[in-house]
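Work through these exercises with the model open. Each task is followed by a stepwise solution.

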Amino acid sequence: MPQSPSSTRRLVILISGRGSNMQALVRACRDEAWPAEVRAVVASRPDAAGLQWAQEQGIATAALYHKDFPSREAFDTALAQEIDRHEPDYVLLAGFMRVLTPAFVNHYAGRLVNIHPSLLPMFPGLHTHAQALATGVRLHGCTVHFVTPVLDHGPIIAQGCVPVLAGDTPEALAGRVLAVEHQVYPAAVRWLAQGRVRLTSDQRVEVDGEPPRLFMGAGAA
Ligand code: GRF
């Protein structure tokens, strides 16, 4: 899967907003001395709050505003050009709120990773926390997965779970899920950087030869 011959994996992170998952990845990469480097943070809008934080860390940043492009294809082509300047081994979607074209996804096959705030395959799409509350599930969480052309779908690298508590609001549940996201995404990317992740012939992920790990977030029994 990795492209670069050196042992330092090059990472590019894509954001659209506050970028708390991006911050968790940058901090873990630095503090845990991963064999990896965050080469750039690219946003889908110039006002993405996470850009300033990334700049303050000395990370290259760029913003492409989708409204400046005539089509989804044109935006994705420009986005891929910006990403490929950094020759990434992995492209990490961290709250990147754009549906990507199949051409873009296929260009990064096996190298494009996303975090989604639900236990996939439950609740793809938006408003996952409200969906969880509406259905009455007792367990909710997040999933880190390889991206395929099907939205919020693809081989699962790791999941994190939290209980749904009596009286939860979408906001309270989102906060509990976000805390476990900040554990699960860095762990999954660390495994990728360390070359411990393998895709089986039937499109399942193994980490060190084992099934993907489940993280227990706050309140989990
Ligand atoms: C996270 O909940 C992530 O799972 C979802 O969008 C949110 C982004 O939050 N895709 P942040 O920008 O990482 O703080």
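**Exercise 1. Locate Ser 20 and say whether this residue is buried or exposed.**

Solution. This is a predicted model.
Step 1: Ser 20 sits in helix H1.
Step 2: the relative accessibility of Ser 20 is 19%. Buried means under 20%, so Ser 20 counts as buried.
Step 3: leaving out residues up to four places away in sequence, Ser 20 touches Leu 178 and His 182.

**Exercise 2. State how many disulfides the whole structure holds, and explain the result for Cys 142.**

Solution. 
Step 1: recall the bond. A disulfide joins the sulfur atoms of two cysteines covalently.
Step 2: a search of the whole structure gives zero disulfides. Cys 29 is in none, and the nearest cysteine sulfur, in Cys 142, is 19 Å away.
Step 3: apply the cut-off. The two sulfur atoms must be within 2.5 Å. For Cys 142, the closest cysteine sulfur is that of Cys 161, at 8.9 Å, which is too far for a bond.
Step 4: check burial. Cys 29 is buried, at 8% relative accessible area. Cys 142 is also buried, at 0%.

Conventions: Residues numbered from 1 in each chain as written. Predicted model: local features only at pLDDT ≥ 70, side-chain atom pairs only at ≥ 80, totals over all residues. Heavy atoms only, no water. Buried < 20%, exposed > 50% of the residue type's maximum accessible area, 1.4 Å probe, protein only. Helix = DSSP H or I, 4+ residues; strand = E, 2+ residues; numbered from the N terminus. Contact = heavy atoms within 4.5 Å.
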